[in-house]
Amino acid sequence: MPRATTIVRRAAVRPDAVVDTISLDHAGRQAQRGHLHSAGGLHIDLALAKAAALEDGDALRLDDGRLVAVKAAPEALLEVRAENPARLMRLAWQLGGNHVAAEIGAEILHVPATPATAELVRGQGCTATPVDRAFRPERMAHDHRTCGHDHSHDHHDLAAHAHDDHGPAAHEHDHGHADHGHDQHAHDHAAHDHAPHVHGPDCGHDH
């Protein structure tokens, strides 16, 4: 079974290297591992090295160098319209707040056809029509799968990150240094034996 570990983004796909196509819905394009079946009958072991979403027009590189093009498969969606742009914008804002993927057009939204989403649409006074089409939603503003950061630190609270911000509270913890309070560490200006300051007639100080 050929193995796919690398994504080739659409702009870099060479048509002459594409040997087959595979159709995946939005959920399928988010998978990092699994078994896929191409239109030409290939059985592919998907084992991406990094978690990254596939997009319509991308390709999977097989271990022998061949490319399998990825197509966005039709799926059940709701086509959402509103009587005015402000109402549609308000709905889009609520969808984002609920982490619902949405494909945004000039006067229309396409969202997953789920009962919860349909209820949210009705609650904003918008109309929804069931359709079957490819779903190409907007990418999240901060998609952890593609940002390259390791988010396995269990989401520390803000206080735990104070050290990274180098704020005043960040250095209140014990670094293991010897106890050097301000009485010991403070600069005794007298000890520096500053040279006397001689005031000339034009220095501006009133003596």
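Strands here are DSSP runs of E with at least two residues, and helices are runs of H or I with at least four, both numbered from the N terminus; two strands count as paired if DSSP finds at least two bridges between them.

The structure is a predicted model, in which local features need pLDDT of at least 70 and side-chain atom pairs count only at pLDDT 80 or more, while totals for chains, interfaces and linings use all residues. Residues are numbered from 1 along each chain as its sequence is written, and side-chain values use heavy atoms, with hydrogens and water left out.

Within the sheet, E5 (residues 59-62) meets E1 (residues 3-8) in the antiparallel sense over four bridges. Here Thr-6 lies opposite Arg-61, and Ile-7 has Leu-60 as its bridge partner. E5 is also joined, antiparallel and by three bridges, to E6 (residues 67-72), with Ala-59 facing Ala-69. Four residues separate E5 and E6 in their hairpin, where Gly-65 adopts a positive phi near 95 degrees.

Turning to confidence, pLDDT (the predictor's confidence in each residue, from 0 to 100) averages 78 over the chain, and 67% of the residues score at least 70. Strand E7 (residues 74-81) has the highest mean, 98, and helix H3 (residues 162-165) the lowest, 40. Where pLDDT is low, the predicted coordinates should not be read in detail.
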